[in-house]
Amino acid sequence: LRRESAAVKKELDSLARDLSEKRKAAASKLVKTVEKELREVGIKSARFSMPFAEKTVSEDGIDSAAFMFSANPDEDLKPLVKVASGGELSRVMLVLREAAAKAGDSVIIFDEADSGVGGAVAETVGRKISALSRRTQVICITHLPQVAKFADSHLAVTKSVEGGRTKVVIHALGRDERVKELARMIGGINITQ
């Protein structure tokens, strides 16, 4: 049993090291892609890294990675979850999901991936989501017309309270309804010609 255990441990260590090398190679490519894509969505000085920490071998391998981020040239890289604003985090998630889609994800859901952005940056985010939708199914929840205009189809979601209960209604919009909804998003309550 000791010999068998030693042989299995040796094989486990070898497989774990191989997995670690592959992860580090993939991380190197991912870091370059994320930094490039973040510049395209308006974070011009973005820096991103994925340092690895070795740990005791487990079903997840022998290492773990962290996402480190800096949006400003004068700031050090710090844990993404601690330093990214809502808008920055939305854009980092967008580019990470875009990379995941290239790897074969089948459905990606963005819940306000455009949070904290507007104008030209929102347009760029919309274009990126649209390009991503050509490779995989995308469902995108947005309040920005610059993003919504790129959709192949639109669903309007409304909430109401009836008898003390919240009711959610989802309605597929036809062409004329899409135009009116985009106009409402742009102009507000009173929609003009």
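Angles under 35 degrees count as roughly parallel, over 145 as roughly antiparallel, 65 to 115 as roughly perpendicular and the rest as oblique. This briefing applies those words to a predicted model, in which local features need pLDDT of at least 70 and side-chain atom pairs count only at pLDDT 80 or more, while totals for chains, interfaces and linings use all residues. Residues are numbered from 1 along each chain as its sequence is written, and side-chain values use heavy atoms, with hydrogens and water left out. Helices (H or I, at least four residues) and strands (E, at least two) are DSSP runs, numbered from the N terminus.

**Helices H1 and H3**

- Helix H1 (residues 2-40) and helix H3 (residues 86-102) have axes that come within 10 Å and cross at roughly 130°; axes are lines fitted to C-alpha atoms, for helices over the stretch in contact, and angles run from 0 to 180 degrees between N-to-C directions.
- H1 and H3 are therefore oblique to each other.
- The crossing of H1 past H3 is right-handed; a crossing is left-handed if the near helix is turned anticlockwise from the far one by less than a right angle, and right-handed if clockwise.
- On the H1 side, Leu 30, Val 34, Glu 37 and Leu 38 make the contact (heavy atoms within 4.5 Å); on the H3 side, Arg 91, Val 92, Val 95, Leu 96, Glu 98 and Ala 99 do.
- The contact of H1 with H3 has seven nonpolar residues (Ala, Val, Leu, Ile, Met, Phe, Trp, Tyr, Cys and Pro), no polar ones (the others, Gly among them) and three charged ones (Asp, Glu, Lys and Arg).

**Helices H3 and H4**

- The axes of H3 and helix H4 (residues 119-133) come within 10 Å and cross at roughly 20°.
- H3 and H4 are therefore roughly parallel to each other, and H3 passes H4 in a left-handed crossing.
- H3 contributes Arg 91, Leu 94, Arg 97, Glu 98 and Ala 101 to this contact, and H4 contributes Val 121, Val 125, Lys 128, Ile 129 and Leu 132.
- By class, the contact of H3 with H4 has six nonpolar, no polar and four charged residues.

**The sheet**

- Three strands form an open sheet in the order S1-S4-S5, with antiparallel pairing; two strands pair if DSSP finds at least two bridges between them.
- Strand S1 (47-49) and strand S5 (78-79) are the edge strands, each pairing on one side only.
- S1 pairs with strand S4 (residues 68-70) over three bridges, and Ser 49 stands opposite Met 68 in S4.
- H1 packs on the sheet, touching S1 and S4, and its direction makes about 160° with that of S1.

**Salt bridges**

- The structure holds 14 salt bridges (a side-chain nitrogen of Lys or Arg within 4 Å of a carboxyl oxygen of Asp or Glu).
- One joins the side chains of Asp 18 and Lys 22 (3.4 Å, N to O); both residues lie in helix H1, four residues apart, about one turn of the helix.
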